[in-house]
Amino acid sequence: MIALLLLIIIGVVITFWFVLAPARITPIVSNQANKILDCEVRIGKLDLTFFKTFPKLGLHVENLTLINPTKGAQSDTLAHFDDFIASIDHKEWRKNKSVILNEIYLKNGTA
């Protein structure tokens, strides 16, 4: 019985790893962010996290850059963060398909 339970748990973990792997969700989130925001969004690496934002679901982004080229501006970079963590309301996302950010943590950023 324990062996069957361990096999099921391992199967679920492997499935989540392949479906929610950073290489798969980074382009999806990047494309959606570029559609929603009025500037270009560059994402280095994105992970879904549950432990850093417990009990909420979170997005952990490494090297997040927001770019908006403007003629005559000193720089085209609006903001850059080495580490960006946002917790989302997963109940609202499941019910209404809307993303509500509850908390945002920024580390080593410039704007």
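Which residues are buried in α2? Before I come to that, let me say that this is a predicted model, in which local features need pLDDT of at least 70 and side-chain atom pairs count only at pLDDT 80 or more, while totals for chains, interfaces and linings use all residues. Residues are numbered from 1 along each chain as its sequence is written, and side-chain values use heavy atoms, with hydrogens and water left out.

Helix α2 covers residues 22-36, where a helix is a DSSP run of H or I of at least four residues and a strand a run of E of at least two, numbered from the N terminus. The buried residues of α2 are P22, I25, T26, S30 and A33, buried being under 20% relative accessible area and exposed over 50%, with partly exposed in between, for a 1.4 Å probe and protein chains only. Seen down the axis of α2, these buried residues fall within an arc of 135 degrees, so they line one face of the helix; the arc is that of the directions from the helix axis to the C-beta atoms. On the other side of α2, R24, I28 and K35 are exposed.

Turning to the sheet, four strands form an open arrangement in the order β1-β2-β3-β4 with antiparallel pairing, and two strands pair if DSSP finds at least two bridges between them. β1 (40-49) and β4 (101-110) are at the edges with a single partner strand each, so one side of each has no neighbour in the sheet. Strand β3, residues 77-88, pairs with β4 over eight bridges in the antiparallel sense, and F84 stands opposite L106 in β4.

Finally, S87 is found in strand β3 and is buried, with a relative accessible area of 0%.

Methods:
Expected span 1.5 Å × (residues − 1).
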